[in-house]
Amino acid sequence: MGVYLNPGNERFLESVSSRIYVDKTGLIAYTNEVIGTRDKFLCVSRPRRFGKSMTAEMLAAYYGKGDSKHLFVGKAIEQDASFERHLNRYQVIMLNMQEFLSESSLKEGDGMECKVEKSVLWDLLEEYPDFRYFDSKSLVRTLQDIYTKTRTPFVFIIDEWDCIFREQKGNRRGQERYLDFLRNLLKDKPYVALAYMTGILPVKKYGTHSALNMFDEYSMANPRQLAVYTGFTQTEVEQLCRAHDLDAAEAKRWYDGYQLPLAGGKNLHIYNPRSVVSAMSAGLYDTYWNQTETFEALRDYIIMNYDGLKDTVIELLAGVRKKIETGTFTNDMAAFESADDVLTLFVHLGYLGYDFHEKEVFIPNLEITMEFVNAIRSAGWDEVVEAVRVSDQLLEDTWNLKADAVAAGIEKAHFETSILNYNDENALSCVVSLAYYSARRYYTFVREFPAGKGFADLVFLPRSSCADKPAMIVELKWNGSSKGAIWQIKERKYIEALVGYKGDVLLVGINYDKKSKKHVCSMEKAVLSF
């Protein structure tokens, strides 16, 4: 046992001994399927705080020499037929590349790969001191010699594999040397039984250095067979909420929204695991997405306003889903050809959800919405920040049926966010949605709500903890009539779609007159009793 060679069970023991532990050992059944096959190279990318390191520690405990069976008793993997066959049968080399990057410099010949080679060789030569080595200063040749004599293959677990691409964006030479090192260490080597790499970015397309093309990618855009292990599922979160006496609907509002593709065109809802655990431990829902290097990336790219990104971010804040092309993203944080590349990066950072089947991105939940608002404030988008700030008053005016004040509030939000191409009902919808930003504290907000004989433009349904607030149906018109919008709500029976709701319903009609460039609002109150 060494620092990097078979590092032991202590880290995984800490996880399973924690007050809150969600069993994800079922992932081992999949790695057992591919170990020792042509599919043995896995690059699993997830955002920060999605359990990457915990998974790496679990795999190291399971595969590494030693005795870890007791840690898996009662866990999902124990029921799998492959459990005993691979348990503690391999030499594990576990590397956290962030550690080596922090210890290295940008000087030629002093890159992180040099630190890795020296460190692992130290452990190997301590474990196998009596072998005759061809070149004991070469990691690859030493691994080959050990494997030739023992016939025990190695499992490589590499955490934070992409740290150099995130933290040293301009160090092209260092990045190339690092990729060449990984390729030489892993590709076509008989001593490799399994290589499991994890980080935030997928691995491919680094210019001519697509050196790691033997890896299959399991990313936030397409996690393939590992979707259920990417974060907490809804069933897992509901169980935690019952155990900690917290509202599952609130957990969903705060931390759900990552939609990962399943077969048959379906999506699996995934929650941010670290935020859920923090909320359960504290007994309070809040934003636990503490600012890290990824927040800096979000802020910096928003400041750049790359290729009209500002318009898109405003629409996303308004609840719009945007189609993007993810295929042009080169999987680094420096080379961008379009706004779609930046939005794809946001998917991998966890700041956007991605619907694989519809090819659309969206802000997934309240926690991330707040991160976007913080980033916009840091970026100096004062006009958007102001539109969000005054939304409290707009909501009060709506509750009090002050139609003229509501029209004036929408007018102000329009001018504050006037960078939008304000020429159709969709643009009006974005402005109105952003103007009602504060309503998200009290309501579940739905655009294009299926109701009666069509779709209501905007519907605000009070959350269970805000039962004293009225429901709101907002219908929009472009060069029409605000009263006509109210008539449409009634004629198309939108109100009747609020099945199970009892209480006041505010009918809000908003029209924008293109000629006068004025907004007009009409309002009525109805009461539901069915």
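Okay, quick bit of bookkeeping before the pictures: when I sort residues by class, Ala, Val, Leu, Ile, Met, Phe, Trp, Tyr, Cys and Pro count as nonpolar, Asp, Glu, Lys and Arg as charged, and the others, Gly among them, as polar. And keep in mind that this is a predicted model.

With that, take the second largest pocket. Its lining comes out as eleven nonpolar, eight polar and ten charged residues. The space in there is about 640 Å³. Phe 50, Gly 51, Lys 52, Met 54 and Pro 273 are the lining residues nearest the centre, out of 29. Helices α1 (10–16), α3 (52–63) and α13 (273–282) each give two or more residues to that lining, and α3 gives the most, with six.

Now the largest pocket, at about 860 Å³. It has 29 lining residues, and closest to the centre you'll find Ile 363, Pro 364, Asn 365, Thr 444 and Phe 445. So which element gives the largest share of the lining here? That's β12, with five residues. By class we get eleven nonpolar, nine polar and nine charged.

If you zoom in on β3 (154–159) and β4 (192–199), six bridges join them, and Phe 154 stands opposite Val 192.

Note on methods. Residues numbered from 1 in each chain as written. Predicted model: local features only at pLDDT ≥ 70, side-chain atom pairs only at ≥ 80, totals over all residues. Heavy atoms only, no water. Pairing = 2+ DSSP bridges. Helix = DSSP H or I, 4+ residues; strand = E, 2+ residues; numbered from the N terminus. 1 Å grid on protein atoms, 1.4 Å probe; cavity = no way out; pocket = protein on both sides within 12 Å on 5 of 7 lines; lining within 4 Å. Points joined across faces, edges and corners; volume = space filled by probe spheres on them.
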